[in-house]
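Open the model in your viewer and keep the sequence panel beside it. The tour goes from one selection to the next and says what is found at each.

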Amino acid sequence: ERSFFGVLTIRSLEKYGKRIHTLKKGGILHGEQRYNEPTDRLEARSYYHKNGPLGDVMDIMAEKKDSFSTAAIGLGTGSVAAYGQANRPITFFEIAAAVEALARNPSYFSYVSDCLERGGPLGVKLGDARVTMAKTSDVFDVMIIDAFSSDSIPLHLITLEASEGWLQRLRSDGVIAFHISNRYIDLAPVLANAAERLGVSALMCEDSPGDETIGHSTSTWIVFTKDSGTENWFADRPRWKKPTTQPSLMVWTDDFACVLPVLSL
């Protein structure tokens with residue numbers, strides 16, 4: 001499927017003895033699902049697996065409260081919907097209508113349809129996430145910002161003003177989880193500097209090495225929280241560490257953001 005935002009390719013293939021459906025935009029994986037048995041397809045894979053950083057985020061929130069809401073910026077295959085339950089509504093913010101059409105087609109990926117079938121409230125808001133969210137008064141317990149894996153990243157979703165906007169839509173004890181895995185750009189100091197400027201806590205988890213034989217991809221995540229208690233929940237898990245700030249790097253704003261100092265070549 002070709003759209004203004006790039007070429008989306010779905011592949012069905014045998015991988016380690018399992019039937020897998022994958023979604024790529026260009027050469028970047030945007031999620032996958034296993035299709036051998038009905039129960040196989042219910043488990044999130046790639047960057048979103050339950051034993052990875054996002055699994056920690058959802059586990060911690062579930063330990064804190066039985067019912068919580070999630071905003072996910074970036075739909076992909078709909079992998080985040082694997083965490084949806086009747087008392088845990090999810091709202092996706094997706095810029096490309098073509099992505100929503102693919103994610104809602106259970107012949108390709110069934111995370112969305114399976115979530116709806118088990119009674120998990122789920123909605124998709126089309127449009128630029130920053131603009132769309134600014135028009136709503138909704139607040140969330142968890143926000144997942146997952147838009148930075150491609151070769152060309154949307155800088156306006158990671159500036160100081162953008163982070164301020166996300167925090168305005170976050171409950172006081174909530175968590176923003178940034179998925180910052182990228183082959184060429186190291187976004188960790190960008191977010192560390194922004195957290196310091198905003199006066200919020202930040203912790204980072206590098207899920208490496210991955211294990212492709214069971215569908216676990218290497219990934220890097222950073223969380224923001226305004227709540228010291230929530231920070232402690234993450235700090236109690238050894239793999240979550242405070243990211244290192246980079247004083248020489250200017251804080252990215254809507255007026256200035258330059259990727260050259262954080263290129264990983």
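Start with strands β1 and β2 (residues 6-15), which run antiparallel and are joined by two bridges. Strands here are DSSP runs of E, at least two residues long, and helices are runs of H or I of at least four residues, both numbered from the N terminus. Two strands count as paired if DSSP finds at least two bridges between them. Select R2 and look across to β2, where V7 stands opposite.

This is a predicted model, in which local features need pLDDT of at least 70 and side-chain atom pairs count only at pLDDT 80 or more, while totals for chains, interfaces and linings use all residues. Residues are numbered from 1 along each chain as its sequence is written, and side-chain values use heavy atoms, with hydrogens and water left out.

Next, select V139, in the loop between α4 (129-134) and β8 (140-145). Which residues does V139 touch? Leaving out residues up to four places away in sequence, they are S69, Q168, R169 and R171, where contact means heavy atoms within 4.5 Å. The C-alpha atom of V139 is 9.6 Å from that of G174, 35 residues apart along the chain. V139 is partly exposed, at 33% relative accessible area; buried means under 20%, exposed over 50%, and partly exposed in between (1.4 Å probe, protein chains only).

Finish at β10 (residues 201-207): six of its seven residues are buried, so this strand is largely enclosed by the rest of the structure. Seven bridges join β10 to the antiparallel strand β11 (residues 219-225). Select L203 to find V223 of β11 opposite.
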